[in-house]
Amino acid sequence: MTRALTWIGLVVFLLLILVPFWWIASMSFKTYEQIQFAVSIYVPKPFTWENYTGLWTETRFPLWLRNSLVTALVVTLITSVVASLGGYAVARLRFPGREAVASLILILYLIPPALLFIPLYRVLTELGATNHLSALFLSYPTFTVPFCTWLLIGFFKALPEELEEARSSTAPDGSPPSSACCSRSPRRDSSPRPSSRSRSRGTNSSMPWYSFRMRRGSRCRWD
Amino acid sequence: VRPRSRRGIGARGRETGTALLFLLPLFVLVVGLIFYPFCRALWLSLTDKLVGYPERFVGLRNYAYLAQDDAFQQVVRNSVVFTVASVALKVVTGLAMALVLNNVVRGRNFLRGLFLLPWITSTVIIALTWRWMFDAFPGRGFINSFLLDLGLLSQPIAFMATPAGAMAAVVIANWWRAFPFFGVSFLAGMVSIPRELYEAASVDGAGSVRRFWHITLPGLKHVIIVTTLLSFILTINDFNIIYVMTRGGPGTATQVFATYSYQVAFGQLRWGRGVTISIFVVPILVIGIVLISRYLLRDRR
């Protein structure tokens, strides 16, 4: 009974997820006439690459692709530096107002881009950054940075603290935590020891946010 | 390993210094690109700023105007319908997806990755895909051609041309993009429910339906609340899907806060009023954020 339901559910979900992808992909291999006259609706026949070659040779697609790549690279770079430093500080260092900073980052993540786009546009105009890729370098971090900082706080908290302590205590004078942060590159799988701060307490509802780091992290690239 | 508490006052002070240094780039970015524009938004909402003219302070006139504006009331209703319908669908489908995946033994990780495809694909591409799926012309619209071929329709339906059809289309596109995220979150919650609970319930003679109601759902309560709140905030502010699929049309049938704000600000060039529209979302946002931080930050400690 459960088995049968699982199979049915699996097929339904697979169709639900794959059909739209297959539809859009098959469209890309159809000719204009084939779409216009509704010939062979479900399968691209005749099969053509002309949309792909046309995109590459007849439009400025190579430029658009370059713009996307440059923007992605620059924004990723800015975001990684800012978010990892900030995330480390909130997760590991003790300073007054730490909890407040953590809440602030969550709030910033939830501020809708719709609220910011008008004033941000004005600020960018005043900076003379409109009509240039740098407008994107400056506006994307408004949502990538809070989000990635929030993820990295979780990540740093989950790392066993002993790794860092061991590193600091081997340094001549118990060097400042900054050296531990910058010089070590712990692999998660090599450190199975539980620590007081790692998240292993009972049922942990924040686990999803942590374990789908990769998937949620994709917002940083795409959205 | 030295316990932290044995470090002296000097080390503590040094740590604060390091923390400030590490937080500096974040601070600069947040103040310059989020906090300052946000304050500008608040100021703009109190002016009658039109593009090309200097702004004049008008007090709360923008707010008063919107409060009695029929189009804006329609926008509020649309946003509520859009958000509630799509979040409710996401919760139900997400639960179903998690239950299915939880019963799959082999290839679960592969399927989980595959099911996440909509979530990692660019929103604009998904919006375009669904615009075509709902197209009235059978050569482009999958739904119409499929229903015609099944014989359920005698002639194609122009979904996007009717208010209800267009709303259904944007709700479905938004739901389709985000339900895998719900499914995977719920699955992670299900995996962390202790197996002994199910075994004990089986011994006591509870069937699978009762086990779901009395063990699975209570165990997932927390994940469901946090996921729903987060998704509620992200959905009520959704711009991409509606803008690409309908531009708020037909008429104002699918106009929501973000698209209406954009249309007023960049279409009619009334920046003051445009900003005010998005500021109306702030109270909802504040309630959502307070609830989320109560749940999420409590875990973090």
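**View 1. A salt bridge between B:Arg40 and A:Glu126.** The side chains of B:Arg40 and A:Glu126 meet in a salt bridge, 2.8 Å from N to O, the term standing for a side-chain nitrogen of Lys or Arg within 4 Å of a carboxyl oxygen of Asp or Glu. Because B:Arg40 belongs to helix 1 of chain B and A:Glu126 to helix 6 of chain A, this pair joins two chains; helices here are DSSP runs (H or I, at least four residues), numbered from the N terminus. B:Arg40 counts as buried, at 13% relative accessibility, where buried means under 20% relative accessible area, exposed over 50% and partly exposed in between (1.4 Å probe, protein chains only). This is a predicted model, in which local features need pLDDT of at least 70 and side-chain atom pairs count only at pLDDT 80 or more, while totals for chains, interfaces and linings use all residues. Residues are numbered from 1 along each chain as its sequence is written, chains are lettered from A and ligands numbered from 1 in the order in which they are written, and side-chain values use heavy atoms, with hydrogens and water left out.

**View 2. A salt bridge between B:Glu55 and A:Arg122.** In this pair the side chains of B:Glu55 and A:Arg122 form a salt bridge at 3.3 Å, N to O. The pair crosses between chains, from the loop between helix 1 and helix 2 (61–68) of chain B, which holds B:Glu55, to helix 6 of chain A, which holds A:Arg122. B:Glu55 is partly exposed at 27% relative accessibility, whereas A:Arg122 is buried at 15%.

**View 3. A:Leu115 and its contacts in chain B.** A:Leu115 lies in helix 6 (residues 113–127) of chain A and is buried, with a relative accessible area of 2%. Leaving aside residues up to four places away in sequence, A:Leu115 touches B:Phe38, B:Ala41, B:Ser278, B:Ile279 and B:Val282, contact meaning heavy atoms within 4.5 Å. Across the two chains, 92 residues of chain A are in contact with 95 residues of chain B.

**View 4. A salt bridge between B:Arg140 and B:Asp135.** B:Arg140 forms a salt bridge with B:Asp135, and their closest N and O atoms are 3.3 Å apart. B:Arg140 is partly exposed, at 24% relative accessibility, while B:Asp135 is buried, with a relative accessible area of 17%. Over all chains, the count comes to four salt bridges, and between chain A and chain B the count is two.
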